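The following paragraphs walk through a few parts of this structure.

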Amino acid sequence: MTVTTSRIRIAAAPISWGVCEVPGWGRVLDAGTVLGEMAELGIRATELGPPGYLPRAPAELRELLGGHELDLVGGFLAVVLHENPGAALAEAEESAALFAACGGGMLVLAAATGLDGYDDRPRLSDAEWATLIETSGRIGEIAARHGLRTVLHPHVGTHAETEEEVERFLADSDLPLCLDTGHLLIGGTDPVELAKRYPERVGHLHLKDVRGELAEDVRAGRLPYAEAVGKGLYVPLGDGDVDIEAMVRFVDEAGYDGWYVLEQDTALSERSPEDLPKRDVARSLAHLGGIVSRLPAAR
């Protein structure tokens, strides 16, 4: 299988293989297995995954990725932005330096709560929100000094989750967004309509599909996020309720030329089949390939 096209650049992320920063998330596959299966599927680039999963020494990371013929897109950084800015800036400096040293170009920032997991969200005061905006902007400046672009990732269980929070961030900050089709829908935002309202703010794409009924249960507080993931909240592209084709068609027509990162948040149990992540990613690749084949020949 190959995912090379003249139209879009496709990448993957370790979360599709169950690799997550949340304690107790599930069984974590070794890096050799994850990167090897990406390469077997024809994927040629990846995001980094949670800090510590892949090497933090640039030479070691470059060697590992190069051994699987994978480029680095960049990585996800979930840090507390609304208090103790110094700690967030230090983490951003370290991550940005690593990403840049290994050829990455994107710092995907999330406004972490400071709590473990993504099930609880303390409410921020206006002063804390102002600190969040200022800190995220300073992180953007740090990343830019390393030649990276910073995008804010609306994400379940962070301080940019709901449609109101996403709109507030767009009004208060100049940073572009990572449009994660799954997290946006779970948080109550139609990702396609958001892209249409703010095409100039689409800085990065995470393509996910989700089951709408479970997303509604999470949004309404009837089901904890981690439990919903275990129940199959995320599914291969085309199996859920996100209009992936509409998203791809719109951003393509709008001139988006960044990465299309396949992400299906997965939590593996001891009973999960060994080849489950690879099979699911292959199905997503096939679905995305079909969409790309139907795109107009030229913008």
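In this predicted model, helix H5 spans residues 163–172, and its residues Glu165, Val166, Phe169 and Leu170 are buried. Viewed down the axis of H5, these buried residues fall within an arc of 135°, so they line one face of the helix. An α-helix has 3.6 residues a turn, so residues three or four places apart point the same way. The face of H5 turned away from the buried side carries Glu164 and Ala171, which are exposed.

What covers the buried residues of H5? Among the covering elements are helix H4 (126–145), strand E5 (149–152), strand E6 (177–180), helix H6 (181–187) and helix H7 (191–197).

Take H4 from that group. The axes of H4 and H5 lie 11 Å apart, and the two helices pack at an angle of about 60°. Angles from 65 to 115 degrees would count as roughly perpendicular and those under 35 degrees as roughly parallel; H4 and H5 are therefore oblique to each other. The crossing of H4 past H5 is right-handed. In this contact, Asp126, Trp129, Leu132, Ile133 and Ser136 of H4 meet Glu165, Arg168, Phe169 and Asp172 of H5.

Now turn to strand E10, residues 259–262. In a regular strand the side chains alternate between the two faces of the sheet. In E10, Trp259 and Val261 point one way, Tyr260 and Leu262 point the other way, and all are buried. Strand E1 (residues 9–11) pairs with E10 in the parallel sense over 3 bridges, and valine 261 is the bridge partner of alanine 11. Strand E7 (residues 202–207) also pairs with E10 in the parallel sense, over 3 bridges; here tyrosine 260 is the bridge partner of leucine 205.

Note on methods
Residues are numbered from 1 along each chain as its sequence is written. This is a predicted model: local features need pLDDT of at least 70, side-chain atom pairs count only at pLDDT 80 or more; totals for chains, interfaces and linings use all residues. Side-chain values use heavy atoms; hydrogens and water are left out. Buried means under 20% relative accessible area, exposed over 50%, partly exposed in between (1.4 Å probe, protein chains only). Helices (H or I, at least four residues) and strands (E, at least two) are DSSP runs, numbered from the N terminus. Two strands pair if DSSP finds at least two bridges between them. The arc is that of the directions from the helix axis to the C-beta atoms. Contact means heavy atoms within 4.5 Å. Axes are lines fitted to C-alpha atoms, for helices over the stretch in contact, and angles run from 0 to 180 degrees between N-to-C directions. Angles under 35 degrees count as roughly parallel, over 145 as roughly antiparallel, 65 to 115 as roughly perpendicular and the rest as oblique. A crossing is left-handed if the near helix is turned anticlockwise from the far one by less than a right angle, and right-handed if clockwise.
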